[in-house]
Amino acid sequence: MLQPVSPPPLPLALDIRDLVKSFDRPAVDHLDLAVRQGEFYALLGPNGAGKTTTLRMIAGLIRPDAGSIRVEGIDALADPVAAKRVIAWISDEPMIYDKLTPEEYLEFVAGLWGVAPALAESRAHELFSWLGLAPHARERCETFSKGMRQKVALAGALVHEPRLIILDEPLTGLDAGSARQVKSVLRERAQAGATIIMTTHILEVAERMADRIGVITHGKLIAEGTLEELRHQAGNAGNAGNAAGGANGAATLEDTFLALVAEPAEAA
Amino acid sequence: MTQPGTAVWFARHESRLAWRDWIGMMTGGRRERRRRVAIGILAFVIFMHLVAYYVVGRFADAVLDKQLLVSITTTLLLSWLLMVSQAMEAMTRAFYSRADLDLILASPVAAEEIFAVRMATVALSIATMALPLAAPFIDMLVWRGGARWLGAYGVIVAMGAGATALAIAMTVALFRVLGAKRTRLVAQILAAAIGAAFVIGLQITAILSYGTVSRTDVLASPAVMALAPDAGSVLWWPAHAVLGDLTALAGVLAFAFLLLALAVAMVAPRFGQYAVTAASVGNSPAGRAGRAIVFRATSPRRALRRKEWMLLLRDPWLVSQTLMQMLYLVPPAVLLWRSFATGGGALNLLVPVLVMGAGQLAGGLAWLTISGEDAPDLVATAPVPAGMVLRAKIEAVLTIIVVVFAPMIAVLAIASPWHGVVAACGVLIAAASATAIQLWFRTQAKRSQFRRRQVSSRVATFAEAFSSIGWAAAAAISAIDLRLAIAPALLTLGIVAGARALSPRKSA
């Protein structure tokens with residue numbers, strides 16, 4: 001009898017092993033992290049926990065002291081150029097060129113990533129339309145608000161159709177309308193199969209959008225899973241009664257998060 | 001203790017900010033550098049006194065005649081125009097920097113009074129900046145010629161006040177005529193042009209009349225002497241004040257402060273309104289719509305070069321800086337044109353000017369493209385090797401140098417092929433050296449910090465300047481005798497190698 005052939009397992013979108021980075025003190029401390037393809041992963045943690053350092057190492061902006069990073073099966077430390085081809089990086093402070101228009105900016109980004117011009121142009125106009133930038137596509141970015149600049153940066157990051165989108169606090173300082181547009185585009189990308197890793201201090205966003213949530217503190221991943229799994233972990237950590245239990249037993253992510261990060265802090 | 005909210009209290013606050021800004025600029029924000037900076041300033045002051053001794057010492061006992069009045073007045077006018085240029089830059093910065101504007105306007109103190117103090121502080125800082133350069137010359141004149149020369153200090157203060165008054169008037173006039181959006185760029189260009197125009201005008205006159213770039217030949221000419229008014233004319237009052245005439249000094253000071261008071265009184269009530277308009281320029285909901293673009297097939301390297309050229313062309317600070325450098329190339333161009341027509345031997349003068357100009361321009365462009373990257377994360381996360389990014393940026397700089405200098409070198413080569421070859425080699429080497437220094441000392445900065453790029457590394461600043469001067473000297477000597485140029489060329493190579501050895505990026 002023939003055995004059913006199971007499809008080969010998809011490589012992880014991101015596979016981090018034993019990652020270490022120190023500045024004056026350890027910022028990332030022997031971190032292991034695995035994110036599956038097509039997953040929306042939220043990385044949470046208090047200020048200075050090592051979230052941004054971790055994301056910057058994945059994006060190839062800083063080199064780790066030790067450990068390994070594999071992006072879609074590519075060794076990002078051995079072949080950073082190949083890894084960067086599939087990655088998009090968006091930080092909380094949109095870095096764009098004031099003297100370029102959004103159209104010119106996206107043409108430049110498409111040139112850097114080697115996207116065919118016709119394809120890049122059609123994607124650019126699609127992104128402008130989604131993000132409400134179409135009326136401003138030919139104005140120089142120097143006149144734009146923070147929200148518009150963040151949307152230009154996001155459009156630039158998505159023009160090469162990245163398979164791994166890394167966002168560091170992308171909603172900071174955005175008004176409700178802009179935040180909704182950004183979230184809607186991210187949701188659409190996730191549905192299209194892209195993997196998204198995002199840090200945020202807006203726990204409601206993580207709760208609503210993320211498939212899985214990782215909690216990092218002192219450079220270590222202290223908890224990981226769905227919201228339900230995190231509630232369990234927070235309960236096992238002995239804080240469920242106070243923080244994660246909530247009034248009616250269904251703890252919010254905020255309760256759970258505070259319970260998780262309070263435990264090592266109190267132990268310290 | 002001064003009463004909070006008064007003009008004196010605010011003047012103290014402004015002076016403290018100005019002092020900390022200056023200290024920060026000199027030390028690069030590092031406290032441990034203060035002692036080194038103090039020693040450096042002391043050494044500079046001593047060196048300038050020695051220079052002054054040889055330059056002006058012989059004029060200390062000069063007899064008052066029309067020739068002396070013309071010389072002093074011209075020097076004062078030249079310095080004053082530079083002060084006007086600096087004051088215009090300072091006023092533009094005061095208008096366009098939001099900084100504490102909201103705090104002042106929201107506070108219960110009289111904003112008009114505070115803005116008046118702010119403008120007066122500009123005048124004070126302009127005079128203060130001129131003093132370290134002028135003081136050694138005045139001190140030497142006092143030492144050799146007596147206390148009568150002390151009046152020159154008063155004239156500098158008056159010049160600072162007068163320059164600020166004119167700068168306030170011109171900036172406000174531009175604001176009213178052109179609007180907030182265009183004033184910033186036009187004021188920068190105007191400031192650069194004012195600073196350079198007078199000396200360039202004199203040089204061009206000298207070239208056309210006497211075939212040299214020396215302005216003293218023009219000033220001592222019989223034509224100028226014949227045109228100059230009598231010694232009693234009010235036109236010579238500043239010169240008389242420098243020479244110790246107390247009545248003239250009082251008159252010059254009173255006139256300058258009256259001008260400043262008038263300008264401040266007229267502008268202070270509207271300063272807040274102007275500043276609010278200027279500050280909102282960058283936040284207007286809709287900017288000027290450009291033309292639609294068609295995405296072109298390109299390689300990452302070409303995309304990077306194109307981006308750099310577009311940003312350089314659209315950079316208002318660079319436009320004003322480059323304009324200044326281009327203006328200084330006008331006299332050599334006239335000299336070239338005149339030598340071409342007459343077959344004169346002035347071509348030797350041209351070669352170092354071109355080489356020096358190329359080095360300086362390349363240094364500025366290289367800083368903007370290499371260090372002044374406004375989206376470093378984007379470029380760093382692009383799937384291209386870091387070395388290729390740097391190569392593309394260097395190519396962008398050197399291409400501009402070639403485009404700017406090639407026409408002049410081509411004309412020079414027609415006049416004298418040897419001079420053309422020397423100038424071409426010199427321009428390329430000076431530009432490459434300045435670019436390499438900026439590459440070795442690169443930092444991560446915003447393009448808007450261009451004006452303060454010297455702060456990041458004094459070694460890079462001096463190395464860039466001395467390398468341009470060195471290559472200019474080597475090129476000048478090469479034009480006459482190639483063998484004699486070996487020593488200065490090796491010396492300059494040593495400067496560049498020294499910069500490389502001291503740079504934080506020896507491995508780059």
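What percentage of the residues in chain B are buried? Select chain B: of its 508 residues, 41% are buried. A residue is buried if 20 or more other C-beta atoms lie within 10 Å of its own, exposed if 12 or fewer, and partly exposed in between, with C-beta atoms placed from the backbone.

Before going on, note that this is a predicted model, in which local features need pLDDT of at least 70, side-chain atom pairs count only at pLDDT 80 or more, and totals for chains, interfaces and linings use all residues. Residues are numbered from 1 along each chain as its sequence is written, while chains are lettered from A and ligands numbered from 1 in the order in which they are written.

**Chain B**

Colour chain B by secondary structure: it has 20 helices and 0 strands. Helices (H or I, at least four residues) and strands (E, at least two) are DSSP runs, numbered from the N terminus. Among the contacts in chain B with a separation of 6 or more, 81% are between residues 24 or more positions apart. Two residues are in contact if their C-beta atoms, placed from the backbone, lie within 7 Å.

**Chain A and its sheets**

Now select chain A, where 10 helices and 10 strands are found. Of its 268 residues, 49% count as buried.

Show β2, β1, β4 and β5 of chain A, which in that order make an open sheet of 4 strands with antiparallel pairing. Strands pair if DSSP finds at least two bridges between them. To see one bridge, pick I16(A); its partner in β2(A) is L33(A).

Axes are lines fitted to C-alpha atoms, for helices over the stretch in contact, and angles run from 0 to 180 degrees between N-to-C directions.

Next comes an open sheet of 6 strands in chain A, in the order β6-β7-β8-β3-β9-β10, with mixed pairing. Its edges are β6 and β10 (220–225) of chain A, and the twist averages 15° from one strand to the next. Zoom in on β3 (residues 40–44) and β9 (residues 212–217) of chain A, which run parallel and are joined by 4 bridges. There A42(A) stands opposite I213(A) in β9(A).

**Where the chains meet**

Show both chains. How many residues does each chain give to the contact? Chain A gives 35 residues and chain B gives 33. On the chain A side, α2 (80–85), β6 (87–90), α3 (102–113) and α4 (117–130) each give two or more residues. The most come from α3(A), with 9 residues.

**The cores**

A nonpolar core is a set of buried Ala, Val, Leu, Ile, Met, Phe, Trp, Tyr and Cys residues joined through C-beta atoms within 7 Å. In the largest one, of 148 residues, those that touch the most other members are A155(A), I166(A), L354(B), V355(B) and V427(B). Helix α15 (residues 347–371) of chain B supplies the largest share of this core, 15 residues. Finally, select A94(B), M159(B), W237(B) and A268(B), which are among the 71 residues of a second, separate core.
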